[in-house]
Amino acid sequence: MYQYSPSHNAVFASDEPAHRWTFEARSQINGGLAIVGDTLYFDDFADELVALDRASGSVRWRARVRNVAMTTPIVEDGLVIVGTGRDHTLIANARTLVWGV
């Protein structure tokens, strides 16, 4: 829903139950969200890839990328793949850059 308006922030009236948690990202979320198991991944305009605990919303880890991340993260076999304005980066965990161009 954050992609609904140019501000990347939209709120809709709903009869659904209240949300379980909120998370204040450091910048606008640019791509989509990826959910794998109990982890939610997203990238943002603050040059970060973020992994949150899906149940609590707490930060599992953050990783800096070399430019604005511009894609929905792809998660496969322990790697998180994101595309940026300059390169593609594979991040295995919060601190390890596996490959970048």
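Trainee: Is Tyr41 buried or exposed?
Mentor: Tyr41 has a relative accessibility of 10%. The model is predicted, so local features need pLDDT of at least 70 and side-chain atom pairs count only at pLDDT 80 or more, while totals for chains, interfaces and linings use all residues. Residues are numbered from 1 along each chain as its sequence is written, and side-chain values use heavy atoms, with hydrogens and water left out. Since buried means under 20% relative accessible area, exposed over 50% and partly exposed in between (1.4 Å probe, protein chains only), Tyr41 counts as buried.

Trainee: How many aromatic pairs are there?
Mentor: Rings of Phe, Tyr and Trp (its six-membered ring) pair if their centres lie within 6.5 Å; planes under 30 degrees apart are stacked, over 60 edge-to-face, and the rest tilted. By this rule the number of aromatic pairs is two.

Trainee: What kind of pair do the rings of Phe23 and Phe42 form?
Mentor: The ring centres of Phe23 and Phe42 are 5.8 Å apart. Their planes meet at 65 degrees, so the pair is edge-to-face.

Trainee: How many residues apart are Phe23 and Phe42?
Mentor: Strands (E, at least two residues) and helices (H or I, at least four) are DSSP runs, numbered from the N terminus. Phe23 is in the segment before β1 and Phe42 in strand β2, so the pair links distant parts of the chain. Phe23 is partly exposed at 25%, whereas Phe42 is buried at 2%.

Trainee: Which strand holds Trp61, the partner of Tyr41?
Mentor: Tyr41 and Trp61 form a tilted pair, 6.2 Å centre to centre with 55 degrees between the planes. Trp61 is buried at 17% relative accessibility. Tyr41 lies in strand β2, and the pair ties together parts 20 residues apart in sequence, as Trp61 lies in strand β4.

Trainee: Which are the edge strands of the open sheet?
Mentor: Two strands pair if DSSP finds at least two bridges between them. The open sheet has four strands in the order β1-β2-β3-β4, with antiparallel pairing. Each edge strand pairs on one side only, and these are β1 and β4.

Trainee: What is the bridge partner of Ala34 in β2?
Mentor: β1 and β2 pair in the antiparallel sense over three bridges. The residue of β2 that is bridged to Ala34 is Tyr41.

Trainee: How many residues does the largest nonpolar core have?
Mentor: A nonpolar core is a set of buried Ala, Val, Leu, Ile, Met, Phe, Trp, Tyr and Cys residues joined through side-chain atoms within 4.5 Å. Among the members of the largest core are Ala34, Tyr41, Ala51 and Trp61. β3, β4 and β6 (79-83) are the elements that give two or more residues to this core. The size of the largest core is 10 residues.

Trainee: Which residue makes a polar contact of 2.9 Å with the side chain of Glu48?
Mentor: Glu48 is in strand β3 (residues 48-53) and is buried, with a relative accessible area of 4%. A polar contact is a pair of N or O atoms within 3.5 Å; within protein, one must be able to donate a hydrogen and the other to accept it, and residues adjacent in sequence count only if both atoms are side-chain atoms. The side chain that joins Glu48 at 2.9 Å belongs to Arg26.

Trainee: Is Gly37 buried or exposed?
Mentor: Gly37 is found in the loop between β1 (34-36) and β2 (39-43). Its relative accessibility is 56%, so Gly37 counts as exposed.
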